[in-house]
Amino acid sequence: MYSSVNTIWVLLGAALVFFMQPGFAMLEAGLIRAKNVGNIIMKNVIDLSLGSIVYWIVGFSIMFGVSNSGIIGTPDLFLLGDTLAGAAPDGVSPWSFFIFQTVFAATAATIVSGAMAERTKFSAYCIYSVVISLIVYPLSGHWIWGGGWLAGLGFHDFAGSTAVHMVGGVAGLVGAAMVGPRLGKYSRSGKSRAIPGHSLSLAALGVFILWFGWFGFNGGSTVSATGDDVIELMGIIFANTNLAAAAGAAAVMIITWIRYKGPDVSMTLNGVLAGLVGITAGCDAVSATGAVLIGLISGAAVVIGIEIIDKRFKVDDPVGAVGVHCVCGAVGTLCVGLFALDGGLFYGGGAALLGVQAIGVVAVAAWVTIAMLITFSVIKAVVGLRVEKDVEIEGLDLHEHGIASSYADFMPLSAGRSDEAEVPAAPVPAVPAEAAIPVTDTREAPDETSKGPKMTKISIITRQSMFEALEAAMSAIGITGMTMTNILGYGTQKGHPEFYRGVEVQARLLPKIRVEIIVCKVPVRTVIETAKKALYTGNIGDGKIFVYDVENVIRVRTGEEGYDALQDD
């Protein structure tokens, strides 16, 4: 007999874990460049879509089917046999349990997309995502959760630090190593170069979504919501999950503040995930203090792990997926052997549980490494793993999906619009076209003593914050027109020193403005002196003033040239 409470709890957990998929999509999109956002979104959509299908066809039965020597479950194509009914926990409807496990499989697959982002073929991604959900994740999952040999040893991984996250992290490590680094990531001498992502806002949104979804990931893994013991355990799991995430973020903030002279935003976001991944294995087995310690350890591990992977191993992981999921998945699993209230080394249980946890970590890592080496090698030989150089430079969005930008509304309109006929006609100008075209030159004719009124362009580059003061000063001396442009640049100071994910950004482009003024009637020296007074602070970055001769000015509407074109109507 099914329990409505248990079934609804499992379905709610499944919905929360499903919601983690857009969290991964936003996180990865934010930490890569804008030219590849559409590609990474598509990969997050398709690994869930294809993974759901193949997990239903055979993956679920490999994971939860009747065990064969503790190695693999008996395949049950399309779940037409008794596998589904036999796998479901007491009181939970079989298909509820199936969808809960499906979204876990999707999580393992989607981790890989971030580690291999910005240079991997979409076709290759589709293939290896299918392989992960079809056999790689289900086989090791059977060892841990399906009654396999690791479960027989007493291996404890409550919600998947190893079963889900380390599997995805190891697959991402192998894939990132085989596909190679992004163009320009490492100098000829091997020094790592920072390639900042385009939107920390998206990355932060993704992390908060993942943090929220993780309550379903860990809490839903009770697969029951009845009985006093289970109800108490649910509260413990939620509390431990949140404490570990908070501790991970705090640890990374402090470490990066000390190492990089300022708290690193993107690394701190990874610190949240590090704590979450670390606590996932033992969220049901440790105290609140243990959860905080696991979060702190995981936070330190993700900083060290990302730096070693990037700087020593030269493996380019744009989003830190390997450091978060592989490193912290292993660390969190081992921490169960240290902090578990029942059997942990620090609670008088000896080293037996720690030894079993270590065996599980090594065995799963070895299986995933071998399986993915074979998978990536075959894909590389048949369809290729990496896009061509020009595709990578111009962006995968354009060449893989035919979209010029994932932010089309922020792009200028192209010359040949398909809807050009629908654009409303401009108002009739005050000056008829026949009077404005051809253009009439109203400059004074040059002779031996005069070249006509002199026109000068003054270009001022300064801080954005100085625009209002500059505008007011120019208006006071009779300047009625100017053009202002937002620009990026730096001078001899090379901008402010900045670190991105532990790598120093060689030169930071600082936000500036360029104000351009064409003068004829107002003396040039007056404009220069007035601008200097308005902008001067005595500090580096006050700006520069450039002065150019202007040969001619033409007002399009009236056809006037020279001095007359600069005068107000």
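Predicted model: local features only at pLDDT ≥ 70, side-chain atom pairs only at ≥ 80, totals over all residues.

Reader: What makes the contact of α5 with α7, by class, nonpolar, polar or charged?

Author: From α5 come Ile 132, Val 136, Tyr 137, Ser 140, Ile 144 and Trp 145, and from α7 come Thr 162, Ala 163, Val 164, Val 167 and Ala 171. These residues divide into 9 nonpolar, 2 polar and no charged.

Reader: What makes α9 oblique to α10?

Author: Helix α9 (residues 228-260) packs against helix α10 (residues 265-280) at an angle of about 140°, their axes being 7 Å apart. Roughly antiparallel would require an angle over 145 degrees, so α9 is classed as oblique to α10. The residues in contact include Gly 248 and Ala 249 of α9, together with Gly 271 and Gly 275 of α10. The contact as a whole has 10 nonpolar, 7 polar and no charged residues.

Reader: Why is α10 also called oblique to α12?

Author: Here the packing angle of α10 and α12 (residues 321-339) is about 40°, with the axes 8 Å apart. Only angles under 35 degrees count as roughly parallel, so α10 is oblique to α12. Their crossing is right-handed. Among the residues in contact are Asn 270 and Leu 273 of α10, and His 325 and Cys 328 of α12. The contact comprises 5 nonpolar, 5 polar and no charged residues.

Reader: How do you know that the length of α11 agrees with what its residues should span?

Author: At 1.5 Å a residue, the 25 residues of α11 (residues 288-312) should span 36 Å, and the end C-alpha atoms are 35 Å apart, so the two agree. Just after α11, Lys 314 takes a positive phi of about 60°.

Reader: Where is α8 kinked, and how does its reach compare with the expected value?

Author: The kink in α8 is about 30° and is centred on Gly 213. Helix α8 (residues 200-219) has 20 residues and reaches 28 Å between its first and last C-alpha, close to the 28 Å expected.

Definitions and conventions. Residues numbered from 1 in each chain as written. Heavy atoms only, no water. Contact = heavy atoms within 4.5 Å. Helix = DSSP H or I, 4+ residues; strand = E, 2+ residues; numbered from the N terminus. Nonpolar A, V, L, I, M, F, W, Y, C, P; charged D, E, K, R; others polar. Expected span 1.5 Å × (residues − 1). Bend = angle between axes of the 7 residues up to and from the residue. Axes fitted to C-alpha atoms, helices over the stretch in contact; angles between N-to-C directions. Parallel < 35°, antiparallel > 145°, perpendicular 65-115°, else oblique. Left-handed = near helix turned anticlockwise from the far one by under 90°.
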